[in-house]
Amino acid sequence: MRTDYLVLGVTVFFSVANSATIHLGPPSHTKSGVVPELPDLVKSPTSWSGRLRALSEWLLGRSRHGLRDYEQKHLGLASSQISKYTGDIVLRFNLTTQAEGKALVEASQVLLLDVWSSTKEHVDIRLPERDVPSLLGLLPNTLQHAHALLIPDLGRAIQETFPGAQKPFSDPLLEETSREKVDGSNIFFQDYQPLSVIVPWVKLLESLFPAYVKAFSIGVSHEGREIMGLRVGTKKPEGERKKAIIVTGAAHAREWISVSTVSYLAYSFIINHLKDKRITALVDDFDWIFIPTLNVDGYAYTWEHDRLWRKNRQPTSLSFCKGIDLDRAYDIHWEAQKTQSNPCSDSFPGEKPFEAVESKRLSDWVAKMKEENLDFIGYLDFHSYSQQILYPYSYSCSTLPPDLENLEELAMGLAKVIRLHSGEHYEVASACGGSGYFTQAQTGGGGSALDYLYTHHVPFAYQIKLRDTGSYGFLLPRENIIPTGEESLGVLIYFGEFLSEGVARSGSEIAEHETEIQPELRK
């Protein structure tokens, strides 16, 4: 019966959260991407029967109209962005030598190109089609024909990621399979969702499951938005510490699938507690910290202005080049980065460690919760794309983690879970090795959340780059949301069970681990 209430609650809220005709209470801030409060009809009735009646009446009277307005609103925003990328394409260059990687680095810096993905084998680059001859003119002969067209019409691909868009080139079988899995309880995952839906949805889940779900904020962003999360776990006796696992998405704003995936994981743990034995045990054993959208300002900006925006929205020393890369802003080998002097770079780490507000908020919140009652033992940082499971270190391929064998063992297990579930292959590698020579030459690899949390807070930390391997890149069609969520759910369950079996160190061992590796990291 409990799930039936959630079905109606989520269905109603999805339909109304963006409706321009419904007043949902005072906004939580006045910045762009305003977040409405929950409707009074969700909060005021004290009994489940009262809530059910109120939600049903609202659903019957408003939902279809609200959904139509919702789709029209976001299709209008998508249309306004298409002209920005008309004529742009995405090319993949296949690399065979470091010299080729170096040449691509130099060319991308000269032409200020948008590098989408970098591995040991290839580099994906977005650029105007008219600039292709200029790029090839800067590259060696071996790369003149070592490239392929991945996305021929970027404008259309962008439009198709917004709610309500028609997608003539999508996979019919995958879309039909995804549609069959969408019911009243998970309608939230039928499309990508803007921040103005995500935050009230987080609050709705807390209101429906207050016994083991708590909505919280790690602080406010540069533009004043709350960075919201869900803490899922049963309570321990007063004064007893509990182990915790952090799951984050959208450090980079354009990686929408990471937001949907972290949301899907939180939702699945919440509704399956007391229904699924494995999930129930994990919710009892750990506190799960889900933060779907770390880069809230950048994410809101991708919906309203620029779908492919990557950084946050902080001003820099150049007024026309805003933003800091949140995943290069942590105080861990920050000084070794090679993009410090270029605020226009998508990998700009700021002018000092932790200058990026949102990265500092996460670091401070984790430190504060450790002082209070949480022992963090795991961290999963979801990104896209390229289907990789990456372990520390990002900053160096020559310095190895002291517990490399454990990190690799768990990573291989996570990849196997995905392969058995969906047949998808996820490469396992160090963050340095997996990103290839291009990224190391371009950024230096320092300042990452992965290295920072592993060094200071958790014994098991991974960056997981989700679907796909390049056909759509950051513009993954919406029918991939649920399949990606399902395979990631298997990853999360395996991750938790691995840690619950006692493989993770105790708090004292973590402290010893920090003492052991920090001198090397600070060199």
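Helix H12 passes a quick length check: its 16 residues at 1.5 Å a residue should span 22 Å, and the end C-alpha atoms sit 23 Å apart, which agrees. The expected span here is 1.5 Å times one less than the number of residues, and helices (H or I, at least four residues) and strands (E, at least two) are DSSP runs numbered from the N terminus. Keep in mind that this is a predicted model, where local features need pLDDT of at least 70, side-chain atom pairs count only at pLDDT 80 or more, and totals for chains, interfaces and linings use all residues. Residues are numbered from 1 along each chain as its sequence is written, and side-chain values use heavy atoms, with hydrogens and water left out.

**Helix H12 and its tryptophan**

- The buried residues of H12 include Val357, Leu362, Trp365 and Met369; buried means under 20% relative accessible area, exposed over 50%, and partly exposed in between (1.4 Å probe, protein chains only).
- A search of the whole structure turns up 30 aromatic pairs, counting rings of Phe, Tyr and Trp (its six-membered ring) with centres within 6.5 Å; planes under 30 degrees apart are stacked, over 60 edge-to-face, and the rest tilted.
- One of these pairs is phenylalanine 216 with tryptophan 365, stacked at 5.0 Å centre to centre with 15 degrees between the planes.
- That pair links distant parts of the chain, with phenylalanine 216 in strand S5 (residues 213-220) and tryptophan 365 in helix H12, 149 residues apart.
- Both partners are tucked away: phenylalanine 216 is buried at 10% relative accessibility, and tryptophan 365 is buried at 9%.

**Disulfides**

- The count is two disulfides, a disulfide being a pair of cysteine sulfur atoms within 2.5 Å.
- Cysteine 321 and cysteine 344 have their sulfur atoms 1.9 Å apart, and their link is right-handed, with 80 degrees about the S-S bond.
- Cysteine 321 is buried at 9% relative accessible area, while cysteine 344 is partly exposed at 28%.
- Cysteine 397 is joined to cysteine 432, S to S 1.7 Å, in a left-handed link with -95 degrees about the S-S bond.
- Cysteine 397 lies in the loop between strand S10 (388-391) and helix H13 (404-422) and cysteine 432 in helix H14 (residues 431-443), so the pair ties together parts 35 residues apart in sequence.

**Rings and charges**

- Phe162, Tyr192, Trp256, Tyr299 and Trp303 are linked into a cluster by ring pairs.
- The charged end of arginine 307 sits over the ring of tryptophan 256, 3.6 Å from its centre; the cut-off is NZ of Lys or CZ of Arg within 6 Å of the ring centre and within 35 degrees of the ring normal.
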